[in-house]
Amino acid sequence: MASLSNSGWRDVCDKFKNAQTLSCEESLKDPVNDPYRSKYKARELIREIQCTLKSLEAGEGEEESGGDGREQRASEAFVDGQRDELFTDGLCGESPPGMLTAKLAAVEFYLGVNHAETEELSAGHEHLMNCVMLLERCRVSSENVSLSIHVRNELGIMWTRRDEAEKALQFLETAEFIYQRYMKEDGSPPMDKIEYFTTEEKLLTDQERIEKFEFIYTYTKYYLAQVYKIVGETERAATYCHNTLQRLLPLKQFNRMEWALNAATLSQYYISKGQFMEGRHCLSAASVILGLAEVPSEAAAQESEAASEQREKNRMQSAHISRCWIKYCLNLLEDAKKLLEDNTGELDTDRQDELKRERTLGEEEEVKSKKSALLFGSEDTFDSIASLEEKVPCLFPLDFSEARAVFLVGQNHVKEAKEYFQMEGHVTDHVEILQDHSALFRTLAFFEEDLEARCKMHKRRIDMLEPVCNELNAQYYLMIRRQLMFELAEIYNEMMDLKMIRANTQADTQSLDKHSIKKINHLCSSAVKYFHMFLDSLRSPDGKFPEKMEEDVLRPALVARFRMARLYSKLICSLPSAQLENLNKALDNYTCITQYCEEHPEAAAAVETELELSKEMVELLPFKINRLKVAMVANN
């Protein structure tokens, strides 16, 4: 086989170096009206290298070799049996023909990436497939394994962007298979793709080769995580995402802000599965790694726009991570509440005692689980992550003291998140944070035994939500206002129930003092007001209520009617005429529910319990109303 002289080979290496400089550095300076100028120049240099290499194989029959059908297989789905052939059939990687083939494949790879970067995707795909087919002429070895994985990563990205996840998965899973088989059978530091066109004195060290190879495979895992998520394999996607983040830490070649946000996002998956220890670990790691990110000083931010943007991005990422911490605390409290509540929604003390007895066993299981879990951390971060974890509980709180510890962590992050997501400029985010803060108070109140203290917690919720609800423009923030109106109505309703329970433990309603009656009626009226506001927001511009409600508001609207009916019957009135008016309003609301479900039978499934009770009240209330009318006539 023909070969190049030393000077000829150096010329090839210089062209490759210049092409890399043009593509990676000079292209950043290209004018807006000619954005790919440097990329096109780099492409010409790569083509010149390709011509030189092809001249070396002319007459050797290399173009026709390997025609065993494997070129066609490169574009098809791989199966395990076919994948095995990658390691058994073809040229020896270290032989001169094998090395030349690998170099030609590398040229096709760089041309493919170049065309993809200049938005010529069809040409890019063709070159990348040429690379795969050339590599298939050779057995996988240390001379070509890195490129074999790299090109499949690129094809995986390309097919994902074309919304062809299944095709992307074929290439990425094959890339993973190649890595795992190579590491099992060989494992020696493999050549990197840049070394195909590097003079001997500039070849990478074994350590550099290992680092680059592991970095390439880490991206294979990362892309697999994305594609598994797209195809609906969420558990597998989470596993691959976790593994990717864990692999990146010791490599130290990653964007700390992006890493932290990805770890925080992963925590939400674990939280949704009730895996709070894993979720806490992800969030602790996210907070620690973000704290290690380089952030320009305030003085530097004032002098440089780039520094200002970097500083602002760090603030935003920190706020996002705080919001993830809020969700962690809220879900931990809510899941604990579900474990502890009885069929009336109150604390089941027997269940509470039972869970406390089991707590010791739970702590032992936590230790075992932690040992088997895939933990984040390198030498310089592991202790910091563990230290932060110790400050945040991951076991279900079983009493007020434990719940308060979780609540305070969440409330601290509410404060931090609101510093960035302020009302001015971040209305939707700010309101969502307030709603989460309100939910933290709601779940904490469940653990509080003192009724008056619970009322004060609910009052805190009103104080934070009511001003915002009244301030928002209904034209632009209709959906948010609806949420707030419904929640405010529910809070006032809950407070009224607590006041009634407290009053009933002291005396019957006839013995209530005027202040207590006034307070209960105020809470009732306020709840009715906000339920009315919610229902009115469903009306058309001409004031008509919809004949058929949309699915997203169906249950809230019918529940609002049900709650209003109940509230009207709870109002304490000294005048029989006022009591009669309230009973009629209660009947009207119960009737609205039953009539709507008669006209729209499919709605019944959304309010089964409320509908059953409404039917009973539609039958019973008329008798109560008639008795009151008779009594009023007799008294007159």
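I counted a charge as sitting over a ring if NZ of Lys or CZ of Arg is within 6 Å of the ring centre and within 35 degrees of the ring normal. The model is predicted, so I took local features only at pLDDT of at least 70 and side-chain atom pairs at pLDDT 80 or more, while totals for chains, interfaces and linings use all residues. Numbering runs from 1 along each chain as its sequence is written, and side-chain values use heavy atoms, without hydrogens and water.

Charges over rings. I found R256 over the face of F254, 5.5 Å from the ring centre. I also found the charged end of K337 over the ring of F446, at 5.4 Å from its centre.

Aromatic pairs. I paired rings of Phe, Tyr and Trp (its six-membered ring) with centres within 6.5 Å, calling planes under 30 degrees apart stacked, over 60 edge-to-face and the rest tilted. The count came to 27 aromatic pairs. W259 and F376 are edge-to-face because their ring centres are 5.1 Å apart and their planes stand at 75°. F446 and F447 also form an edge-to-face pair, with 5.2 Å between centres and 85° between planes.

Burial. I took buried as under 20% relative accessible area, exposed as over 50% and partly exposed as in between (1.4 Å probe, protein chains only). W259 is buried at 2%, F376 at 1%. F446 and F447 are both buried.

Cysteines. I searched the whole structure for disulfides (cysteine sulfur atoms within 2.5 Å) and found zero.
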